[in-house]
Amino acid sequence: ILPLAHPAGLVGPGAMTPYSGGGGGGRHRSYGYVREPAVGFFVSGSSIPGLNGLYARVQQYDSRIDRDLQLAYIEDRSGWILGLAQPKRYYDEEWVFWDKTRVYRFTHEGRTILPGA
């Protein structure tokens with residue numbers, strides 16, 4: 001086995017030639033539009049284990065939720081719900097996480113069919 005080496009540069013992961021940077025051009029950016037709600041979301045990085053997981057869109061949700069939801073997603077293993085809720089305070093809609101006991105835990109302003117980070 002011969003090591004891949006280049007006397008002048010860095011070889012990136014999976015690359016067969018040295019990394020040469022991006023050149024002098026600007027960064028290419030593109031935008032898209034979301035017209036339909038997602039069928040699900042993956043949530044990770046929380047220190048609360050039940051919050052992490054794959055949330056699938058559902059049409060019906062637990063009647064213990066005290067808000068009308070435009071969109072509802074449930075994490076099957078933990079029972080947590082992520083929903084786009086009708087206004088209860090000064091915001092328009094808001095994204096809300098409910099734990100398995102149906103206590104709301106976190107909120108974020110809505111105004112979009114994609115939850116905020």
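The model is predicted, so local features need pLDDT of at least 70 and side-chain atom pairs count only at pLDDT 80 or more, while totals for chains, interfaces and linings use all residues. Residues are numbered from 1 along each chain as its sequence is written, and side-chain values use heavy atoms, without hydrogens and water.

**Exercise 1.** Find which parts of the chain the rings of Phe41 and Tyr73 link.

*Solution.* Start with the criterion: rings of Phe, Tyr and Trp (its six-membered ring) pair if their centres lie within 6.5 Å, with planes under 30 degrees apart called stacked, over 60 edge-to-face and the rest tilted. The whole structure holds five aromatic pairs. For Phe41 and Tyr73, the centres are 5.0 Å apart and the planes stand at 70 degrees, so this pair is edge-to-face. Strands here are DSSP runs (E, at least two residues), numbered from the N terminus. Finally, ring pairs join Phe41, Tyr73 and Trp95 into a cluster.

**Exercise 2.** Work out how strand S4 (residues 81-85) is enclosed.

*Solution.* Take burial first, where buried means under 20% relative accessible area, exposed over 50% and partly exposed in between (1.4 Å probe, protein chains only). Five of the five residues of S4 are buried, so the strand is largely enclosed by the rest of the structure. Now check each face: Ile81, Gly83 and Ala85 are buried on one side, Leu82 and Leu84 on the other. Then look at the neighbours, counting strands as paired if DSSP finds at least two bridges between them. S3 and S4 pair in the antiparallel sense over five bridges, with Tyr73 opposite Leu82. S4 and S5 also pair in the antiparallel sense over five bridges, and there Ala85 stands opposite Glu94.

Methods. Helix = DSSP H or I, 4+ residues; strand = E, 2+ residues; numbered from the N terminus.
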